[in-house]
Amino acid sequence: MMGPSHALSGAAVWLTGSWALDHFADYHQSPLALAVGTAVCAGGALFPDLDLSGKVTRNQGGATVARTFGVFSLFIAEVMEKISLGVYYATKLSRDPRRNNGHRTLTHTLPFTALVGWGTTALCTAYGKWAVVGILFFMIGLALRGLFDKWAERAGWVIVTLASAAAAWYTFANLPGDRGYPMIGLAVGVGCFTHILGDMITKAGVPILWPIPIKRRMWLMVGLPNGIALRTGSKAEVVVLRTALTVLSVLAAVGLVAPSVLQRFNIEV
């Protein structure tokens, strides 16, 4: 899927999950916590595509997420792509094909998703709000680049970087206490997993079963059959899927906000 669809799917999943927890488990979140979780999950849903690099010195190419912070994020994408390709060749079996790039390999696996989620939580636990502000800066930037792709493209990476820094600092200033914030790690992990599921409904698929060897292949691509698989950039994705995700996000957000608004005005339903 394209970057905006991935980011929107992350936001929709987090908002829907938050509504379900609020409605069925009586787990309430503050508006700030809800906004942070949604933004981080949307950013996390773009994170796996940091394995698609472009031309660093020319600030060109790469995935949507790789262009978020200009040459800096393109450099990170270049490093990530090379690491992914190295892991691919270090673990490939006889029937795995030769590759010239690492896109849709390591970062599109369940072990990577678990590692990123755990690592984020560990950083927040060890370093508190200072780690939180750095993670928020990065993830909010990815979310802005994905959810508001047309604006981000016109504004340029400098404006996106400044907006990310301002949002991260505001959140840092208003988060209570110097604690671990494990929900941030969960949001990143859920976002990455949502990305994998999104790519699974496309023709290319993802190596979700790695590192389980199957028929002398370690990197078996799993996805929907070509007859029903989603074509990247098609009307089915851009119009139908994004509309459905937007409606789901809005309904979940209304379901989360409406009770407190009604209570504030002493309105009973």
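User: Is the crossing in which H4 passes H6 left-handed or right-handed?

Analyst: First, the basis: this is a predicted model, where local features need pLDDT of at least 70, side-chain atom pairs count only at pLDDT 80 or more, and totals for chains, interfaces and linings use all residues. Residues are numbered from 1 along each chain as its sequence is written, and side-chain values use heavy atoms, with hydrogens and water left out. Helices are DSSP runs (H or I, at least four residues), numbered from the N terminus. A crossing is right-handed if the near helix is turned clockwise from the far one by less than a right angle, left-handed if anticlockwise. H4 passes H6 in a right-handed crossing.

User: Which residues of H4 and H6 make the contact?

Analyst: Contact means heavy atoms within 4.5 Å. H4 contributes residues including Trp130, Val133, Phe137 and Ile140. From H6 come, among them, Ala165, Ala168, Trp169 and Phe172. The contact residues divide into 13 nonpolar, 4 polar and 1 charged. Here Ala, Val, Leu, Ile, Met, Phe, Trp, Tyr, Cys and Pro count as nonpolar, Asp, Glu, Lys and Arg as charged, and the others, Gly among them, as polar.

User: At what angle do the axes of H4 and H6 cross?

Analyst: Two packed helices are described by the angle between their axes and the distance between the axes. Axes are lines fitted to C-alpha atoms over the stretch in contact, and angles run from 0 to 180 degrees between N-to-C directions. The axes of H4 (residues 110-147) and H6 (residues 157-174) cross at roughly 140° and come within 8 Å. That makes H4 oblique to H6. Under 35 degrees is roughly parallel, over 145 roughly antiparallel, 65 to 115 roughly perpendicular, and the rest oblique.

User: Is Val133 buried or exposed?

Analyst: Buried means under 20% relative accessible area, exposed over 50%, partly exposed in between (1.4 Å probe, protein chains only). Val133, in helix H4, has 14% relative accessibility, so Val133 counts as buried. Beyond four places in sequence, Val133 contacts Ala168, Trp169 and Phe172. Val133 and Ala168 are 35 residues apart in sequence, yet 5.5 Å apart C-alpha to C-alpha.

User: How many disulfides does a search of the whole structure find?

Analyst: A disulfide is a covalent bond between the sulfur atoms of two cysteines. The search takes pairs of cysteine sulfur atoms within 2.5 Å. It finds 0 disulfides. For Cys41, the nearest cysteine sulfur, that of Cys192, is 8.9 Å away. Cys41 is buried, at 0% relative accessibility. For Cys124, the nearest cysteine sulfur is also that of Cys192, 14 Å away.

How values were computed: Helices (H or I, at least four residues) and strands (E, at least two) are DSSP runs, numbered from the N terminus.
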